[in-house]
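Me: Can you walk me through a few local details of this model? I have the sequence and coordinates open.
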Amino acid sequence: MKKPALFAGLVLFLCLGATTVLAAEEPYPWKAGAAEVVITPAEPMVMGGYGSRDEPFETVLHDLWASALVLEDQQGQRLVLVTLDLITITGELRNTIAAEAKKRFGLNPESLWINISHTHTGPEIRSEIARLWGRSESQAAQCERYYKSLPGKVLDVIGQALEGLEPAKLDYSYARAGFAMNRRTPIKRNDRIDFVNRPHPDGPVDHQVPVLRVTDPKGTVRALVFGYACHCTTLSRLDLSGDYAGFAKESLRKVYPKAIPLFVTGCGADQNPYPRHRSTVDAQTHGKTLAYAVQAALSTHQYPVAGPLRVALEPVTLQFATPPTKETLERQAKSSNRFLKSHAKALLDQIKQNGKIADTYDVPIQVVRFGDDLLLIALPGETVVDYSLKFKDQYGEKSPVWVAGYSNDVFGYLPSLRVLEEGGYEGGGAFNYSDRFPGPFEKSVESRVTEKVDELVRKTEK
């Protein structure tokens, strides 16, 4: 009789132990809320991304969106992700939103992450760039009005997401999509190598499609955060859209009708979508390909993501190379190239107003750690793929690493040392289209970013 009694006691012990474990393992350890609002311009306006388009958009292929996801861990720490179907987010705009979010919601600035899709078929929001590129004063004023409308819309959608907070579960997974291709093709010209914007199948890429799934207690998917490292430059016509990223979200809405899709642009500054015939069919196809990759990721093993959340956001000062002299700029101001001419005049205005050209710029670096389950690094600017590959290799042993570009301040291109030394558009030539930066960066650009990222990664380990 002793054996059955012993067995019964063991069963009771195991059951009580199992109950204790289940109680300790909260199946929905997060609170999450998501919301979105249409930010399609109410009237046709000039578009951002290509300086050659002087006309306002003519048709709308699909709406543009501001989307927000609020995540709160069991200690009350929050992360708010805002994604925007826009060409850029300026540092000034981000700071305005962050300051007001602190007042309204008590949200600390380091807990706000804003990422833009960088669609080249959306509105131009920078009136100064519109003027620099020769747009009419009425068109520039229209850009300014749209820009000023954005903080209110973003804050409203954050508020809606906060109101919808409910218990949630997070899972991470990933798949791949292959339409992004490096666009920096080396061409030998006389005694030098130039890098031109053409498909370069041997160039570095990051085809990973990371996915963060947010599920409510009923098992319903409420939000899908997904990323890809590729320029949104399939289209260049006068049709308003979110390019392939917008079409991917439209496809996911059909499959997951109760989920809000949030697209996060990766380090795709030197990547273009191919084929790239500038057709709507291409954009739709790439969008469906990306949406299928998200579905594929959700079909694989899901890795539960626990807390606690640890967030850090700090600036790093980037140094520009020695700017051109006043005499050089005066010559360039007479150039037949309207963009070089406008850039030179803008820098001459800086000299006139400030006595010199600004040769440094502070950019925000953000790191978010989800316990031991996921490390997210959000980089500013149009970030080249080298950064993604580098940080995944550097930090990927302990947990998955998600590296995003185009976050918080998309001021222009952020090259790696390799790209900077190679030169070309991403290496510094793109600054000729800027209204305030001399370009290119000094050679310390990658080391400064790397050191700040490492500092914040170590800071969030504590």
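Me: What should I know about the source first?

Reply: This is a predicted model, where local features need pLDDT of at least 70, side-chain atom pairs count only at pLDDT 80 or more, and totals for chains, interfaces and linings use all residues. Residues are numbered from 1 along each chain as its sequence is written, and side-chain values use heavy atoms, with hydrogens and water left out.

Me: OK, how do α5 and α6 cross?

Reply: Helix α5 (residues 243-255) and helix α6 (residues 280-299) have axes that come within 7 Å and cross at roughly 50 degrees. Helices here are DSSP runs of H or I with at least four residues, strands are E runs of at least two, and both are numbered from the N terminus. Axes are lines fitted to C-alpha atoms, for helices over the stretch in contact, and angles run from 0 to 180 degrees between N-to-C directions. That makes α5 oblique to α6; oblique is what remains after roughly parallel (under 35 degrees), roughly antiparallel (over 145) and roughly perpendicular (65 to 115).

Me: Which residues of α5 and α6 meet?

Reply: On α5 they include Tyr244, Phe247 and Leu252, and on α6 they include Ala283, Leu290 and Val294. Contact means heavy atoms within 4.5 Å.

Me: Switching topic. Is Arg369 buried or exposed?

Reply: Arg369 counts as buried, at 9% relative accessibility. The cut-offs are under 20% relative accessible area for buried, over 50% for exposed and partly exposed in between, with a 1.4 Å probe and protein chains only. Arg369 sits in strand β17 (residues 360-370).

Me: What does Arg369 touch?

Reply: Not counting residues up to four places away in sequence, its contacts include Pro308, Leu374, Val457 and Glu461. A polar atom of the Arg369 side chain lies 3.1 Å from the backbone oxygen of Val457.

Definitions and conventions
Polar contact = N/O pair within 3.5 Å; in protein donor to acceptor, adjacent residues only side chain to side chain.
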